[in-house]
Structures are given as structure tokens and as C-alpha cells.
Amino acid sequence: MAADCAFCKIVGHELPEFKVYEDEKFLAFLSIDPKVVGHTIVVPKEHHRWVTDVPEFGEMWSVARKVGLAAKKATGADAVSFLTLGFQVPHAAIWVLPRKEASDGHGKVIDFSIHIHLKKEQYEKLAESIAKSV
Ligand SMILES: [Zn+2]
């Protein structure tokens, strides 16, 4: 665990999260600044700076795929986009973004100026319905 790492704090339950998936190596939770409805973040429980540093790199992508398919089903999305920019929080992460091609407002790429606002109950419901399908 790295000090002052927000994702390590979520893994360590020092910060709250809307969990959608957990196994012994990975955790997936809803973004609290979602770009689309169902925006989920997959992280390794161990602190790694970059996705390319994660020893179980392939396994991490398999988790992202599994979570992505569940989020797609739960939100009625057409497809899933994945992003690994890595500069927002210094902890390896894959963004899982269920996309509605005609109506999510993003066009072909993700528009970072879009912020989806959800109430706590909506996050809880969404997390529950994604978790059910993973
Ligand atoms: Zn960390």
C-alpha cells in the first residue's frame, strides 16, 4: 500500500466505494466522477504505478472484460470502451465504460468534459445490478 494513494485507500476500506466485483487480486468499483452510466474502475489490490507494472496483466484485462460485459448488460449499453490513461491516480487502473453509441453524448472518443451526476441510491442500485451479472 502506498501512502496518499486513493485507490489503495479504497482497497483498504479507508474510503467508501460502490463495489461491483472483488477477487483475491482485483477490485472493481464505480467511478464517483463517471463519464458514462456504469463507469467502473478495475484496480489490482496491490499497489502498482502503471497497468504495465501489474504482474497479472492478462488476468487484470480478463477481469475488466468480465466487469465490462456485466456493466453492458446492466446498463443496456451497445458496447464497452476501455481506457488506461494512468495519470489521474498513481495506481494502475482500467476504466470500463459501457457505451450507448447513439445517446451517451461522447461520439467516437470519450469526452472528459462530460460528468454524469448520480445520487447515492442510483450508485447503489447500479453497483448491485452490475455485481449481479459479473
Ligand atoms: Zn495504490
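View 1. Let's start with Cys5, which is buried at a relative accessible area of 1% (buried means under 20%, exposed over 50% and partly exposed in between, using a 1.4 Å probe and protein chains only). This is a predicted model, in which local features need pLDDT of at least 70 and side-chain atom pairs count only at pLDDT 80 or more, while totals for chains, interfaces and linings use all residues. Residues are numbered from 1 along each chain as its sequence is written, and side-chain values use heavy atoms, with hydrogens and water left out.

**View 2. The zinc ion and its protein donors.** Cys5 (SG), Cys8 (SG), His47 (ND1) and His91 (ND1) lie 2.0 to 2.3 Å from the zinc ion. Donors are N, O and S atoms within 2.8 Å of the metal (3.2 Å for Na, K and Ca); water is not among the atoms, so sites may look incomplete. The site is tetrahedral, with angles of 103 to 116° among its 4 donor atoms (four donors count as tetrahedral if all angles lie between 85 and 135 degrees). For reference, the ideal angle for four tetrahedral donors is 109.5 degrees.

**View 3. Where the donors sit along the chain.** The spacing of the zinc donors reads C-x2-C-x38-H-x43-H. Cys5 belongs to the segment before helix H1 (6–11) and His47 to the loop between strand E3 (40–44) and helix H2 (57–75), so this pair ties together parts 42 residues apart in sequence. Helices (H or I, at least four residues) and strands (E, at least two) are DSSP runs, numbered from the N terminus. His47 is partly exposed, at 25% relative accessibility.

**View 4. His48 and its surroundings.** In the loop between E3 and H2 you will also find His48, a buried residue with a relative accessible area of 13%. Setting aside neighbours within four places in sequence, His48 is in contact with Asp53, Val54, Pro55, Pro90, His91 and Ala92 (contact means heavy atoms within 4.5 Å).

**View 5. Helix H2 meeting helix H3.** The axes of H2 and H3 (residues 120–133) come within 8 Å and cross at roughly 125°. Axes are lines fitted to C-alpha atoms, for helices over the stretch in contact, with angles from 0 to 180 degrees between N-to-C directions. Val67, Ala70, Ala71, Lys73, Ala74 and Thr75 of H2 meet Leu126, Ser129, Ile130 and Ser133 of H3.

**View 6. His13 and its backbone.** His13 is found in the loop between H1 and strand E1 (19–22). Its phi is near 60°, a positive value in a residue other than glycine. Most residues other than glycine have a negative phi. His13 is exposed, at 55% relative accessibility.

Conventions: Four donors count as tetrahedral if all angles lie between 85 and 135 degrees; four count as square planar and six as octahedral if opposite donors are over 155 degrees apart and all others between 65 and 115; anything else is irregular.
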